Amino acid sequence: MYLVSSVIPVFFFGVIGFVTILWLGQKLGLALTLFIWFSQVFMKKKLLFQTPGDDYFLVIHMIIFGVSILLLSSVLLKRRFSVNTK
């Protein structure tokens with residue numbers, strides 16, 4: 001469980017970085033990713049960085065994983081729309 005609690009946030013921020021850079025460009029995507037990262041690091045209530053002892057550990061990590069999958073699927077949407085407009 002501790003392995004899951006350390007891998008899921010890293011996977012999520014990798015997905016956030018990849019998708020925002022793809023959709024918004026390099027500078028804005030990187031700025032948005034860093035803003036989300038630092039907001040999680042410096043907040044008092046850690047939403048993404050939870051340990052298995054926390055109350056909603058599995059729920060939060062399943063939501064994060066689901067959002068990551070949806071964001072990755074948006075890359076396919078972008079690809080489809082960029083092909084159809086040409």
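**Exercises on helix packing**

Isoleucine 8 touches His61, Ile64 and Phe65, setting aside residues up to four places away in sequence (contact means heavy atoms within 4.5 Å). This is a predicted model, where local features need pLDDT of at least 70, side-chain atom pairs count only at pLDDT 80 or more, and totals for chains, interfaces and linings use all residues. Residues are numbered from 1 along each chain as its sequence is written, and side-chain values use heavy atoms, with hydrogens and water left out.

**Exercise 1.** Find which residues make up the largest nonpolar core.

*Solution.* Start with the term: a nonpolar core is a set of buried Ala, Val, Leu, Ile, Met, Phe, Trp, Tyr and Cys residues joined through side-chain atoms within 4.5 Å. Six residues qualify here: Ile8, Phe12, Phe13, Ile16, Ile60 and Ile64. H1 gives the largest share, four residues.

**Exercise 2.** Decide whether serine 68 is buried or exposed.

*Solution.* Serine 68 sits in helix H3. Buried means under 20% relative accessible area, exposed over 50%, and partly exposed in between (1.4 Å probe, protein chains only). Serine 68 has 0% relative accessibility, so it counts as buried. Beyond its neighbours within four places in sequence, serine 68 is in contact with Phe11, Phe12 and Val15.

Definitions and conventions
Helix = DSSP H or I, 4+ residues; strand = E, 2+ residues; numbered from the N terminus.
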